[in-house]
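Dear colleague,

Please find below the structure I promised to hand over. My notes on it follow directly after.

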Amino acid sequence: MSTAEKTTQHPETPTAPAPPRTKGTEDTEGRARLLGALLALAVALAAVNLRPVVTSLGPLLSKVRTDLHMSATVAGLLAAVPSVCFALFGFAAPALARRFGPTLVVTAGLGAITAGVAARSFAGSTGVFLLLTAVALAGVAVANVLIPVVIKRYFPQRVGPMIGLYAMALSLGTALAAAVSVPLTNALGGGWRLGLGSWAVLAAVGLLVWVVTVVLRRDGRGDGSQGAAEGRLRIARSGTAWALAGFFGCQAGGAYATMGWISQIYQDSGLSAGTSGVLLAVVMAVGVPVSFVLPNLAARRGDQRLFVVVLALCGIAGYLGLALAPAGGAWLWALLVGLSNCAFPLTLTMIGLRARTSGGVAQLSAFAQGVGYLISIPCPIVVGILYQGTGGWYLPLAFMGALLVPQLLIGLRAARNRFVEDEVGAA
C-alpha cells in the first residue's frame, strides 16, 4: 500500500485541546454533585415515609377502634382507603407536575403526609380520623407517581440504581413501621395517639430536606415547563401502558392480600402470634436488599421478562407451600412470598424505562398506578370472603396463586423493550 493510500485511510486530524478547567468550572461541578447527592437523599427519605401512614396503623387498629368507637365495617373500609386514594390522587399528579414541577409537588406531598399523620392523632371521631388519613394518603399518592419522574429527569443515566434506592427505602419504611409501632407506642405510654403521631416527626425530617433541595435547586413553576412542552400523550391507546397497569394491579392486589392475611394463615396453622408477626416481618424485609439490587439488574437488560417469570414462580411455590404445609416450611414460604412481592420495584423500573421523557414517565406512572390500584382493591376483600365462606385457606390461597397467572402473562407483555411514545400520538 502506497504512502498516499495510507494517508487517505488514516488521515491525521489535529486533536482540539481540552478546554482549561477554571475555578468557576470546578465550583459548578462541585455544586452539581452536591445537589445530586442531596436530591438522592431526599428521594430516599420520601420513600421511607410513603408506607408508615398505612403500616403503622395496622398493629394499633384495635386500640383506635375502641377509642373512636369504630365499627368493623368502617375498619374494613379503612383498609380500602389507601388504594382508592392512590388511584384518585395519582391521576391528578401529572397535571400538577406540568404546572408546578415534580419536585415542588413531591415537597407538597410530604407536607400533606406530615400534616395528616400529625393531625389524625388528635381526631375525636371516626369521620375526622378517616378524613385526615385521606389527606396523608393524598400526599403519598402524588409522591408515588412523581418520584419516578424526578428520577427520570434528574438521574437519566442512573435510573436503575436510583429506582433501587427508592424501592429499598420504601421497603425499609414498610417493615420499620410494622415492627416498631407497638414497641414505640408502649415506650410512649401505651396511647395510640402518640404512637401514630410520632411518625409525623420522620415525615417532617423528609419534608425539611425536600424544602432545602427545592430552594437550592431553585425549582419552582418553571420546573414544569419541560413536561408541558412535551405534550400530553394519548396514554390509554398504548398497549404497553395497559399491560403495565394490569401487571401493577395484579402484584398490588397480591401484596395487599399477603400483608393483610399471612399472619392469620400462620396462626391458623398452629404458630404463635409472635412467630407469625416475625414471619410477616420476614416477608416485608426480603424486599429491602432485593429492591435495591433488582431494578439495577433489570435496567441493564433490553427487556425484563426473565424477572417477571422468576418472581411469579416464587409466588406460586410460596402459596402452594402455605396451602400444603404452612408450619412445616414456614420460613421458606415467607422468603418465597417476599421475593414474589418484589414485583413492585420491578414495575417501577419498567415504568421508568417504557417512556422516553420525564413527561412521558409522569403520564405513564399516573396511568399504570391509578388503574393498577383500582384493579387491586377487590383482591384482599375476595380473600376474606373465601376464608369466611370456607373456614380454611385452600381456596383463598388457590385464588392468590391463580392471580399470579395473569400477572405473569400480562407482565411478559409489559416487559418488552417498547416506548409508549412510539405507540400513541400527542393529544
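Please note that this is a predicted model. Leu-88 belongs to helix α5, which covers residues 72–100. Together with Val-84 and Phe-89, Leu-88 makes up a nonpolar surface patch, and the accessible area of these three residues comes to about 260 Å².

**Overall composition**

The protein contains 21 helices and zero strands. Of its 427 residues, 50% are buried. The accessible surface amounts to about 18,300 Å², and carbon and sulfur atoms account for 68% of that area. Among contacts with a separation of 6 or more, 83% are between residues 24 or more positions apart.

The largest nonpolar core has 83 residues, and the members that touch the most others are Ile-147 and Leu-346. Helix α7 (residues 126–154) supplies the largest share of this core, with 12 residues. Another core lies apart from it and holds 23 residues, including Ile-262, Leu-280, Leu-322 and Leu-404.

Which residues does Ile-147 contact, once its neighbours within four places in sequence are left aside? They are Val-43, Ala-46, Leu-50, Val-106 and Tyr-166.

Gln-407 sits in helix α20, which spans residues 394–414. Gln-407 is classed as buried because its relative accessibility is 3%, under the 20% limit. Residues up to four places away in sequence aside, Gln-407 touches Phe-247, Cys-250, Gln-251, Val-308 and Ala-343.

**Aromatic residues**

The model has eight aromatic pairs. One of them joins Phe-129 and Trp-192 in an edge-to-face arrangement, with 5.8 Å from centre to centre and 80° between the planes. This pair links distant parts of the chain: Phe-129 is in helix α7 and Trp-192 in helix α9 (residues 192–197), 63 residues apart. Are the two partners buried or exposed? Phe-129 is buried, since its relative accessible area is 0%. Trp-192 is buried as well, with a relative accessible area of 5%.

Separately, Phe-86, Phe-248, Phe-344 and Tyr-373 form one aromatic cluster.

**Salt bridges**

Four salt bridges were found in the whole structure. Three of them are described here.

- Asp-67 and Arg-193 meet through their side chains at 3.1 Å, N to O. This pair links distant parts of the chain, with Asp-67 in helix α4 (residues 61–68) and Arg-193 in helix α9, 126 residues apart. Asp-67 is partly exposed, with a relative accessible area of 38%, and Arg-193 is partly exposed at 29%.
- Asp-422 and Arg-356 form a salt bridge of 2.7 Å, N to O. Asp-422 is in helix α21, whereas Arg-356 is in the loop between α17 (343–353) and α18 (358–376); the two are 66 residues apart and so link distant parts of the chain. Asp-422 counts as exposed because its relative accessibility is 52%, and Arg-356 counts as partly exposed at 46%.
- Asp-303 forms a salt bridge with Arg-305, their closest N and O atoms being 3.1 Å apart. Asp-303 has a relative accessible area of 19% and is therefore buried, the limit for that class being under 20%. Arg-305 is partly exposed, with a relative accessibility of 35%.

Asn-417 is placed in the loop between α20 and α21 (420–423). Asn-417 is partly exposed, with a relative accessible area of 48%. Which residues does Asn-417 contact, apart from its neighbours within four places in sequence? They are Gly-302, Asp-303 and Arg-354. Asn-417 and Gln-304 are 113 residues apart in sequence, while their C-alpha atoms are 8.1 Å apart in space.

With kind regards

Conventions. Residues numbered from 1 in each chain as written. Predicted model: local features only at pLDDT ≥ 70, side-chain atom pairs only at ≥ 80, totals over all residues. Heavy atoms only, no water. Patch = residues over 30% accessible without salt bridge, like charges linked within 9 Å, V, L, I, M, F, W, Y side chains within 5 Å. Areas by Shrake-Rupley, 256 points an atom, 1.4 Å probe, with all protein chains shown as cover. Helix = DSSP H or I, 4+ residues; strand = E, 2+ residues; numbered from the N terminus. Buried < 20%, exposed > 50% of the residue type's maximum accessible area, 1.4 Å probe, protein only. Contact = heavy atoms within 4.5 Å. Core = buried A, V, L, I, M, F, W, Y, C linked by side-chain atoms within 4.5 Å. Phe/Tyr/Trp six-rings, centres within 6.5 Å; stacked < 30°, edge-to-face > 60°.
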